[in-house]
Amino acid sequence: MKALLCTTFGLPDTLTFTDAPAPTLQAGHLILTVKACGVNFPDTLMIQNKYQFKPPLPFSPGGEVTGIVKEVGEGVKGFKVGDRVFALTGWGGMADEVLVEATRCVPIPPMIDFVSGAAFFYNHATSYHALKDRAELKAGETLLVLGAGGGVGLAAVELGKLMGANVIAAASSAEKLAICKEKGAEHLINYAEQDLREALKTIVGEKGVDVVYDPIGDKYAEPAIRTMAWKGRYLTVGYAAGDIPKIPLNLALLKGCAILGVFWGSFVQRESAKAFQNTVELANFLVQGKLKPHVYKVYSLADAPKALDALMNRNVIGKAVVVTDAYNPSDDAPSARPQKAETKADAKGESPKASTEAGSEQALAEGVSRTEYGVRFSNVAAMKTFIGKKLGTSAWQEVSQGMIQTFADATLDQQWIHVDVERAKTQSPFGTTIAHGLLSLALTPQFLYGLMTVDSAKMMLNYGYNKVRFISPVPSGSRLRMSAVLREVESGPGGHKVYLDLAVEREGSDKPVCVAESVSVVME
């Protein structure tokens with residue numbers, strides 16, 4: 001396999017891209033085919049022998065990967081070959097394959113792509129632990145984020161806003177601050193051009209800052225602490241700017257403030273149950289669209305030293321990601337999420353039958369009439385007058401656990417995320433089981449029967465699908481419905497091929513469950 005190896009401690013330009021032995025499977029472990037690897041500040045320290053964890057030479061940097069399970073070790077439960085996972089490897093991730101303890105892996109929700117997954121968990125989990133567990137940040141408090149344009153800093157900005165704080169973002173360039181503003185920062189400080197303490201005084205006055213999130217240290221730490229509010233909390237997360245600051249402890253006494261260390265890796269080991277709960281909450285935020293990692297740039301494995309160098313020089317905004325040759329964008333959930341166009345009936349909260357959707361009844365051609373949910377055609381000729389128009393939106397269908405179990409039995413797909421209700425309560429990012437993606441697709445013929453009727457048809461068959469995209473999950477108990485647009489009708493000696501654009505939606509979600517191009521055959 002190919003790997004980026006650290007054979008001697010030094011800067012990124014000393015790393016070697018070369019062939020390396022593939023990992024050997026061990027009990028309790030998984031071997032992953034790596035798709036993407038996040039680039040983090042500890043990687044730059046580890047290759048210089050400056051980090052708390054010191055792997056023996058030679059090793060590959062990269063402690064945060066997404067990939068596919070290639071092999072499953074003895075005693076491992078809950079994973080099978082082919083599963084999409086996120087893993088905290090510590091190191092070893094900048095390689096085609098990596099060996100990792102199964103307990104350090106979690107399934108990736110189906111709508112999260114490999115690159116976004118590799119850009120998300122480390123940064124957001126670190127910042128969420130800092131703000132939620134260490135600082136106990138409350139809505140309405142003021143949060144100052146230093147190094148706000150970096151990976152953990154930008155995550156802290158986004159999470160602080162989500163948690164209801166008034167966020168002050170401090171970074172070293174206007175470009176970085178522009179992204180911070182997009183993520184919800186209300187006040188911006190460019191400390192390359194402004195005096196940090198004076199700028200903070202202008203924003204918060206005598207009240208001070210309730211929480212300081214500091215991943216950079218150096219000369220920025222002391223002025224931040226000097227502007228803290230009474231009983232404020234200063235979070236020391238890292239020292240990316242250079243020196244570890246030497247804080248006059250009398251400042252903590254005078255401010256009545258707390259200086260709190262944030263070491264997420266140790267937190268995961270010591271408080272694994274709490275760390276897992278945080279991961280579940282973050283996954284839910286990501287699935288719901290409340291959080292979105294900012295990917296600075298995607299690098300090939302061969303160019304990974306450039307990614308590490310960019311991070312060391314503080315050029316990266318958000319997260320840099322390295323991908324292997326095994327990564328193919330077509331493997332990912334689509335980044336484009338087709339949205340169902342809102343109709344007048346939707347806007348008014350009316351049922352589909354209250355709207356003609358494609359126009360008034362007077363505009364319908366001869367042989368075309370509206371049904372409760374869709375359209376009735378007298379024959380295929382009448383159907384052809386409707387090309388390009390929306391047939392309608394079906395009635396709701398509940399996806400019960402019984403339905404999911406029946407589908408699992410029929411397809412022999414008994415993954416725990418679908419069938420183990422008790423385990424899903426604590427380990428699923430959704431707090432419950434989810435339906436198989438193909439189950440949603442399998443419901444489309446039933447939905448279609450209520451949307452289109454052809455009186456002259458002796459037989460109408462669902463012939464298949466040309467294109468399908470699964471976009472968002474379907475938790476057990478969800479209600480689904482489908483809308484359809486008549487795209488084309490091709491007539492031939494064997495019958496009439498009817499091409500439809502389908503979109504299945506879940507009640508309460510603004511993202512489709514799946515979209516597809518279906519082909520039906522009508523025989524008159």
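Reader: What share of the 524 residues in the protein is buried?

Author: Buried residues come to 52% of the 524, where buried means under 20% relative accessible area (1.4 Å probe, protein chains only). Keep in mind that this is a predicted model, with local features needing pLDDT of at least 70 and side-chain atom pairs pLDDT 80 or more, while totals for chains, interfaces and linings use all residues. Residues are numbered from 1 along each chain as its sequence is written, and side-chain values use heavy atoms, leaving out hydrogens and water.

Reader: How many helices and strands does the protein have?

Author: You'll find 17 helices and 24 strands; these are DSSP runs (H or I, at least four residues, for helices; E, at least two, for strands), numbered from the N terminus. The C-alpha trace spans about 85 × 55 × 40 Å along its principal axes.

Reader: Which residues of helix H5 are buried?

Author: Here's the general idea: an α-helix has 3.6 residues a turn, so residues three or four places apart point the same way. In H5, residues 196-204, the buried ones are Leu196, Ala199, Leu200 and Val204. They fall within an arc of 110° seen down the axis of H5, so they line one face of the helix. That arc is taken from the directions from the helix axis to the C-beta atoms.

Reader: What do the buried residues of H5 pack against?

Author: Their partners are strands S8 (142-145), S9 (166-171), S10 (187-190) and S11 (209-214), plus helix H6 (221-226), with contact meaning heavy atoms within 4.5 Å.

Key. Buried < 20%, exposed > 50% of the residue type's maximum accessible area, 1.4 Å probe, protein only.
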